[in-house]
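This report walks through a protein model one topic at a time, from its strands to its aromatic rings. Please keep the sequence and the structure in view while reading.

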Amino acid sequence: MVFWAAIALALVPQAVSAQDAAEAPAAEAAPAEGAAAAGDAAPVAGGYEPLGPEWIKGQPTAGGWDVQDQFSPIGETASGLHFGLMWVMGIICIFVLGLLLWVVVRYRRGANPTPSKTTHNTFIEVVWTLVPVLILVGIAVPSISLLSDQYESPPKDAVTIKVTGYQWYWGYGYPDNGGFEVISNMLPEDEAKAKGLPALLAVDNRLVVPVDTPLRIQTTAADVIHSFAVPSLWFKIDAVPGRLNERLLTIEEPGIYYGQCSELCGARHGYMPIAVEALPRDQWEAWVRSQPGGTVGDEAEAAPAAPAADASAAEGEEAAAENAGGAETAAATN
């Protein structure tokens with residue numbers, strides 16, 4: 001009886017293990033099917049599609065005489081200050097011109113055969129000293145505020161993009177999203193025109209970023225000084241070899257925004273344009289995942305978890321095998 005009881009105890013764990021092993025593939029198959037369904041739906045819900053020429057919002061215009069329309073918070077503030085200062089300067093110029101014309105007419109030789117011997121007027125001197133001071137103070141307050149905003153530190157959750165200037169093209173690295181780098185070169189003129197894109201501005205690979213998201217733009221250079229400038233975003237920062245400069249950028253609307261290197265950097269300085277493609281967050285994440293090694297959020301940390309799970313499963317199987325072997329040995333001894 002003791003012998004048969006030992007045999008039964010040895011076979012029961014094996015039967016349970018076999019049942020668990022049979023149920024495990026079924027349980028794993030269900031999530032796999034669900035994941036496949038989700039994967040099929042992902043491109044439809046938030047897949048990446050490159051923006052066409054109809055999405056161009058920031059570029060130079062022929063015969064333009066004003067600043068480009070702005071699509072960043074800093075750009076809107078700076079543009080408003082720019083227009084305000086233009087009105088202030090215009091009013092001052094008209095006022096001074098009026099004074100000159102009045103003096104020419106009122107105090108001409110024909111109207112004043114005997115010149116005045118007035119040497120000074122205290123009231124006028126106070127006015128023409130105090131009014132310019134007040135005007136300069138009124139200009140300084142928003143100017144200093146704008147300058148402070150332009151150098152505001154990016155928040156901790158900002159998306160980091162490292163911009164590297166080369167002779168004569170740009171490299172865009174994404175250290176927060178897998179560390180991949182995108183190399184951007186100017187498209188040949190005929191190819192750009194065939195795609196309906198502006199010549200000398202269109203590129204083969206754009207700087208793709210999410211909208212309504214703080215961006216930590218870090219710039220450096222591999223050879224000489226370059227300058228990363230996008231006028232419609234009111235953004236300009238030098239790229240200096242051996243130095244890492246940083247500024248905050250937030251783009252408010254999806255679209256394509258063009259810029260150029262703004263620092264004389266060599267023979268092909270005029271042929272290293274900048275093309276920024278701003279996308280909704282879900283489409284930008286889809287683009288990141290489509291890049292070699294691209295990850296979003298905690299995906300990079302979650303990826304190595306699979307080998308650990310496999311190791312745990314292997315250890316569990318080894319432990320079960322050892323238990324079964326021990327039971328068989330005990331049964332044989334009895």
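## Strands and the hairpin

Two strands are said to pair if DSSP finds at least two bridges between them. With that in mind, one can look at strands β2 and β3 in this predicted model, where a hairpin joins β2 to β3 through two residues.

As for the chain as a whole, its secondary structure comes to seven helices and eleven strands. The chain has 334 residues, of which buried residues make up 30%. Among the contacts with a separation of 6 or more, 66% are accounted for by residues 24 or more positions apart.

## The five-stranded sheet

An open sheet is formed by five strands in the order β4-β3-β2-β6-β9, and the pairing within this sheet is mixed. At its edges are β4 (181-184) and β9 (245-249), each of which pairs on one side only. On average, and with direction ignored, neighbouring strands of this sheet are turned by 25° against each other. Strands of a sheet pair through backbone hydrogen bonds, and they may do so in either a parallel or an antiparallel way.

Both kinds of pairing can be followed from strand β6. With β2, strand β6 pairs in the parallel sense over seven bridges, and here Thr-164 has Thr-220 in β6 as its bridge partner. With β9, in turn, strand β6 (residues 215-221) pairs in the antiparallel sense over five bridges, and Leu-215 stands opposite Leu-249 in β9. Is strand β2 enclosed by the rest of the structure or left open? Strand β2 (residues 159-166) is largely enclosed by the rest of the structure, because seven of its eight residues are buried.

In soluble globular proteins, nonpolar side chains tend to be buried together. In this model the largest nonpolar core has 45 residues, and those with the most contacts inside it are Tyr-174 and Phe-228. Strand β11 (residues 273-279) provides the largest share of this core, namely five residues.

## Aromatic rings

The count of aromatic pairs comes to nine. One of them is formed by Trp-170 and Phe-228, which are edge-to-face, at 5.5 Å centre to centre and with 85° between the planes. Because Trp-170 lies in strand β3 (residues 169-173) and Phe-228 in strand β7 (residues 226-230), this pair ties together parts that are 58 residues apart in sequence. Trp-170 and Phe-228 are both buried. Phe-228 also pairs with Phe-235: their ring centres are 6.1 Å apart and their planes stand at 80°, so this pair is edge-to-face, and Phe-235 is buried, as is Phe-228. Together with Tyr-172, the residues Trp-170, Phe-228 and Phe-235 form one aromatic cluster.

The charged end of Arg-106 sits over the ring of Tyr-107, 5.0 Å from its centre, while the charged end of Arg-247 sits over the ring of Tyr-151, 6.0 Å from its centre.

Key. Residues numbered from 1 in each chain as written. Predicted model: local features only at pLDDT ≥ 70, side-chain atom pairs only at ≥ 80, totals over all residues. Heavy atoms only, no water. Phe/Tyr/Trp six-rings, centres within 6.5 Å; stacked < 30°, edge-to-face > 60°. Helix = DSSP H or I, 4+ residues; strand = E, 2+ residues; numbered from the N terminus. Buried < 20%, exposed > 50% of the residue type's maximum accessible area, 1.4 Å probe, protein only. Lys NZ or Arg CZ within 6 Å of the ring centre and 35° of its normal. Axes fitted to C-alpha atoms, helices over the stretch in contact; angles between N-to-C directions. Core = buried A, V, L, I, M, F, W, Y, C linked by side-chain atoms within 4.5 Å. Contact = heavy atoms within 4.5 Å.
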